[in-house]
Amino acid sequence: MSTQAAAPTRREQILKEAARLFAERGFHGVGVDEIGAAVGISGPGLYRHFPGKEAMLAELLVGISGRLLTGGKRRAAEGEGAGLTPVEVLDSLIEGHIDFALDDRPLIILHDRELDRLRDTDRKLVRSLQRQYVELWVEVVRQVYPRLAEAEARACVHAVFGLLNSTPHLGRPGALPGRAATAALLHRLALGAFGGAHGADGRAS
């Protein structure tokens, strides 16, 4: 049985190239024709998939917020089902977010730079999904560090997200260690940030 990943759909190809171009040159610095050229179709041909650039941006930012939440819930549920400790579940959540931070850097740039360009309804949806994702982490963090107050745990989660989401600013390509080494470093830094908030003695077994 083949384990090869399915080829991306045309819509997925468009979104990937749109994210790259928006991140490199800004939302208003990219035309529909340029996105089309990047995937080998005419600019007008894009309108068979999206009504415009605004729809692409909304799907990118709403989509990644939803995928992070879904992935986090899945990791937490799988950990519970497998009888993992809270420490192991937290490790899994960190690993999942690091995958995002290393593999989807353009989306981090887009969120920081272009979120306010979304329609109010889309922006509120992004914020709602993000709040749910944060609270999922807060629950696990408080299981690992039971003496950490809820507000402190939430502040720690936001701080760790800021640390992990700094990947677009870590240096030019080739200036960093390999992916595995960078992922391991980020993981240690995230655990250090959580542990430093309460001290090693506050960690659950």
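Let me start with the aromatic pairs. Rings of Phe, Tyr and Trp, taking the six-membered ring of Trp, pair if their centres lie within 6.5 Å; planes under 30 degrees apart count as stacked, over 60 as edge-to-face and the rest as tilted. By this rule there are 5 aromatic pairs. This is a predicted model, where local features need pLDDT of at least 70, side-chain atom pairs count only at pLDDT 80 or more, and totals for chains, interfaces and linings use all residues. Residues are numbered from 1 along each chain as its sequence is written, and side-chain values use heavy atoms, with hydrogens and water left out.

How are the rings of Trp137 and Phe161 arranged? Their centres are 5.0 Å apart and their planes at 80°, so this pair is edge-to-face. Trp137 lies in helix α6 and Phe161 in helix α7, so the pair ties together parts 24 residues apart in sequence. Helices here are DSSP runs of H or I, at least four residues, and strands are runs of E, at least two, numbered from the N terminus.

Is Trp137 buried or exposed? Trp137 has 0% relative accessibility and so counts as buried; Phe161, at 9%, also counts as buried. Buried means under 20% relative accessible area, exposed over 50%, and partly exposed in between, with a 1.4 Å probe and protein chains only.

Trp137 also pairs with Phe194: the ring centres are 6.4 Å apart and the planes at 35°, so that pair is tilted. Phe194 lies in helix α8 and Trp137 in α6, so this pair ties together parts 57 residues apart in sequence. Tyr133, Trp137, Phe161 and Phe194 form one aromatic cluster.

Now helix α6 itself, residues 120-144. α6 has 25 residues and reaches 36 Å from first C-alpha to last, close to the 36 Å expected at 1.5 Å a residue; the expected span is 1.5 Å times one less than the number of residues. Its buried residues include Tyr133, Leu136, Trp137 and Val138.

Next, the core. A nonpolar core is a set of buried Ala, Val, Leu, Ile, Met, Phe, Trp, Tyr and Cys residues joined through side-chain atoms within 4.5 Å. The largest one has 60 residues, of which Phe22, Ile35, Met56, Trp137 and Phe194 touch the most other members. Helices supplying at least two residues each include α2 (32-39), α6 and α8 (179-198).

Last, Ile35. Leaving out residues up to four places away in sequence, Ile35 touches, among others, Phe22, Leu46, Lys53 and Met56, where contact means heavy atoms within 4.5 Å.
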